[in-house]
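Subject: Structure handover and what turned up in it

Hello,

Here is the structure I promised to pass on. Please open it next to this message and read the notes with the model in view.

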Amino acid sequence: PTGAQRGFGKLREHTQAALLRVDEVNHPLLVRLVAAARRIQQGSQGPLLARLFLGAVLIYAGAVKVGKPLTSERAVQAFEIFPTDLAGYIGLALPFVEILLGALLILGLFTRPVAIVSTLLMVAFIIGIAQAWARGLTIDCGCFGGGGQVAAGETKYGTDIARDATFALAGAWLWWRPRSLASLDRLLFR
């Protein structure tokens, strides 16, 4: 096994040992929490929750931008990474890409490839935000609409990076464990 597999194996062992110790306590709320933790650990609901969470985030992010093409273009241009015309095209396409990725995740169709693309997209967002912060740009990322220049005190780079890192972790989990309940992948590709 690889180092990552050994690491996850040890994590699973520690989790199982902790859950066995918790079994000795007989409080109704704790019993429910332990049962939920076991289901997530066994893979029955964790990937489903990650899939629905990341899918909903992507659909929302795309939906709030899709009807405002100029705002979306300006948001990407404000990062000053790409030539203005290319940044404009990226701004126009990005909402549709986000909605497509989100819909595929919600449906559970092509989960692993969509999770890979979604994770890489989140990493690209993190890099874009970090470079804007490092260069001293005062912009709103435009991740959920808006975007463009803002006053120096209105930037939220740390929060934006932490938020996108959370989304990237959900995508990485699906990259690692794409099989989940209520997915079209399970029906079509057994």
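Below is what was found, starting with the overall fold and ending with a few individual residues.

Please keep in mind that this is a predicted model.

Overall fold

The chain has 190 residues, and 35% of them are buried. Its secondary structure consists of 8 helices and 2 strands. Take the contacts with a separation of 6 or more: 69% of them join residues 24 or more positions apart. The accessible surface is about 11000 Å². Carbon and sulfur atoms hold 68% of that surface.

The largest pocket

The volume of the largest pocket is about 460 Å³. Its lining has 26 residues, and the closest to the centre are Val-76, Phe-79, Leu-94, Ala-124 and Phe-125. Which helices build the lining? At least two residues each come from α3 (46-66), α4 (69-77), α5 (84-107), α6 (111-134) and α7 (157-176). The top contributor is α6, with 7 residues. By residue class, the lining has 20 nonpolar, 3 polar and 3 charged residues.

Salt bridges

How many salt bridges does the whole structure hold? The search finds 4.

One of them pairs Arg-135 with Glu-80, at 3.2 Å from N to O. This pair ties together distant parts of the chain, 55 residues apart. Arg-135 sits in the loop between α6 and β1 (139-140). Glu-80 sits in the loop between α4 and α5. Are these two side chains' residues buried or partly exposed? Arg-135 has a relative accessible area of 42%, so it counts as partly exposed. Glu-80 has 45%, so it is partly exposed as well. The limits behind both calls are under 20% for buried and over 50% for exposed.

Now go to helix α7. Arg-163 and Asp-160 both lie there, 3 residues apart, which is about one turn of the helix. They form a salt bridge, with their closest N and O atoms 3.2 Å apart. Arg-163 also forms a salt bridge with Asp-164, again with the closest N and O atoms 3.2 Å apart. Asp-160, Arg-163 and Asp-164 are therefore linked in a network of salt bridges.

Glu-98

Glu-98 is placed in helix α5. Is Glu-98 buried or exposed? Its relative accessible area is 2%, so Glu-98 is buried. Which residues does Glu-98 touch, leaving aside those up to four places away in sequence? They are Leu-58, Ile-59, Ala-61, Gly-62, Lys-65, Leu-121 and Phe-125.

Where to click

- The Arg-135 and Glu-80 salt bridge.
- The network of Asp-160, Arg-163 and Asp-164.
- Buried Glu-98, with the residues that Glu-98 touches.

Best wishes

Key
Residues are numbered from 1 along each chain as its sequence is written. This is a predicted model: local features need pLDDT of at least 70, side-chain atom pairs count only at pLDDT 80 or more; totals for chains, interfaces and linings use all residues. Side-chain values use heavy atoms; hydrogens and water are left out. On a 1 Å grid over the protein atoms alone, a cavity is a set of points where a 1.4 Å probe fits but cannot get out, and a pocket is an open set with protein on both sides within 12 Å along at least five of seven lines; lining residues have an atom within 4 Å of a point. Grid points are joined across faces, edges and corners, and a volume is the space filled by probe spheres set on the points. Helices (H or I, at least four residues) and strands (E, at least two) are DSSP runs, numbered from the N terminus. Ala, Val, Leu, Ile, Met, Phe, Trp, Tyr, Cys and Pro count as nonpolar, Asp, Glu, Lys and Arg as charged, and the others, Gly among them, as polar. Buried means under 20% relative accessible area, exposed over 50%, partly exposed in between (1.4 Å probe, protein chains only). Contact means heavy atoms within 4.5 Å. Accessible areas come from the Shrake-Rupley method with a 1.4 Å probe; for residues, only the protein chains shown count as cover. A salt bridge is a side-chain nitrogen of Lys or Arg within 4 Å of a carboxyl oxygen of Asp or Glu.
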